[in-house]
Amino acid sequence: MHFSIPDTEVLQDSSGTSFVGFHIHVNGVHHCTLRYKQIRHLHSLLKQEFGSAALCPFPPRQLLKLSVKQIEERRIQLENYLQKITRNPVIVSSTTFCTFLVSAQKETHNDNLEKVQLPIYLMDRQKTLVDVQSMEQSRTVLLKACEQLGIPAEVFGDLSLFILRREDNGSFSLVKQLQDFESPYLALRSVFGAVLLVIRKYTWDLSADARFLLNASALDLLYAQTVADFENGWLHATEDQDIKLRLYQGRGDRLKFLEFARNLKHYNYVQFMPCICDFPEPDSMAIVSAGNKELCFQICGATGDIVQEWCFKVTRIRCWRITTLGDALNGTNSSNTAQLELSFEYLMSKNKHRWITVRSSQVVLMSLTLQKMVEELVKKANGDNSEQAGKIVTQNTLPYIRMDGSKQEISSSSSSLANDTSDHSTPSRITFKRDESRDRISFGNSVYDDIGDDDL
């Protein structure tokens, strides 16, 4: 996750008292606005749950009114604090953190808690109306949608909610993957344009397909996604392969279609929007795809045709990082994303590394994809074949301080993974490294340490 506080705003509470609101952005998009004492309250809640050792020091209070310079210093301090604590996956996935962020999102958007029918789509635009509370978290909403669609719990861990944008020409792109500290209902309202909330299979392990084939509803989801990816140009088929796929599609033979599609280039890949990279030359236009334990760069020529293709294996990426280039936001509630870039250090040949940089509005999704690939590689290497089944298990209540200083009890359903034997107190083999000379945080890829000469 990429947390930032790009700007502040002087606001007034119901009594007319002025205060500074800090605009919290997650993955380059405005999520909520909080005042200092609310973030300090979050710190105290996390301290009670995880202890001081798991957290960094919180920016101290000031007795006197802050000057403009001091407000800017506090903005930077709070941004650094959020970035440091959210490096810990245990904190980010905790009920305390997620419930607080959802409540802050609700308060910022002045949304009253209500029952709503949330339209959720499969990739073929098949719509299901799911009854939810307006501020229910992504994981709970996904569970309800799966239950309503008849999708079994065995494949729940292979699914995720995405906001998808439809273009005028019928193509689509993935705007963002929803996290559990977000309300899908509110997140959908905060994004402009023709967007849909969709369920997609989100695993790079092809053996997971077997679980989808055992259930008619799960099979429908997999088939709808594969057809949509094929029609969107994400699957690369020759002319003969294209004809055969369309023949199976016309017959409605889903199993034959999927069986044939699995052999196509870039099956089960995510393709990102065209972007700028510095490989093989500076300012190269490229189409980046991710799947099969690699990032694939298709380099475009002056006319837009693909002239080169380079594939970068995840196991040879030593680390990667996200850098904010600037603020491209127009107002505090804009859905435009900040200018971000993703850089990764790649082992080009034995003892020769090179940093490769991509500039795109989807770099956070690229980073999440890299992280997911690494986690699945680690799981496979450890021989962990446990199935992940979703189940809502507990109701939690937490104290929450509103902007006006009033207190309220907030509740949220926390969900767990039945039959999930992994130890959630232990982070995945993605470590964090700081470049002191540039004050940048990198995601260290420990799977890289396992490669040998045969991988070169």
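A nonpolar core is a set of buried Ala, Val, Leu, Ile, Met, Phe, Trp, Tyr and Cys residues joined through side-chain atoms within 4.5 Å. Buried means under 20% relative accessible area, exposed over 50%, and partly exposed in between (1.4 Å probe, protein chains only). This is a predicted model, in which local features need pLDDT of at least 70, side-chain atom pairs count only at pLDDT 80 or more, and totals for chains, interfaces and linings use all residues. Residues are numbered from 1 along each chain as its sequence is written, and side-chain values use heavy atoms, with hydrogens and water left out.

**View 1. The largest nonpolar core holds 46 residues.** Leu 295, Phe 297, Trp 320 and Phe 344 touch the most other members. Helix 11 (residues 363–381) gives the largest share of this core, 10 residues. Helices (H or I, at least four residues) and strands (E, at least two) are DSSP runs, numbered from the N terminus. Another core, of 44 residues, lies apart from the largest one. Its members include Leu 159, Tyr 185, Leu 245 and Leu 258. In the protein chain, buried residues make up 51% of the 456 residues.

**View 2. The second largest pocket has a volume of about 490 Å³.** On a 1 Å grid over the protein atoms alone, a pocket is an open set of points where a 1.4 Å probe fits, with protein on both sides within 12 Å along at least five of seven lines; lining residues have an atom within 4 Å of a point. Grid points are joined across faces, edges and corners, and the volume is the space filled by probe spheres set on the points. The lining has 17 residues, and Ser 18, Phe 19, Val 20, Leu 66 and Arg 74 lie nearest the centre. Strand 3 (18–26), helix 1 (36–50) and helix 2 (68–85) each give two or more residues. Strand 3 supplies the largest share, four residues.

**View 3. His 41 sits in helix 1.** His 41 is buried because its relative accessible area is 12%, under the 20% limit. Leaving aside neighbours within four places in sequence, His 41 is in contact (heavy atoms within 4.5 Å) with Phe 100, Pro 399, Tyr 400 and Ile 401.

**View 4. Ser 349 belongs to strand 16 (residues 339–349).** Ser 349 is partly exposed, with a relative accessible area of 33%. Arg 316 is 33 residues from Ser 349 in sequence and 9.5 Å from Ser 349 in space, C-alpha to C-alpha.
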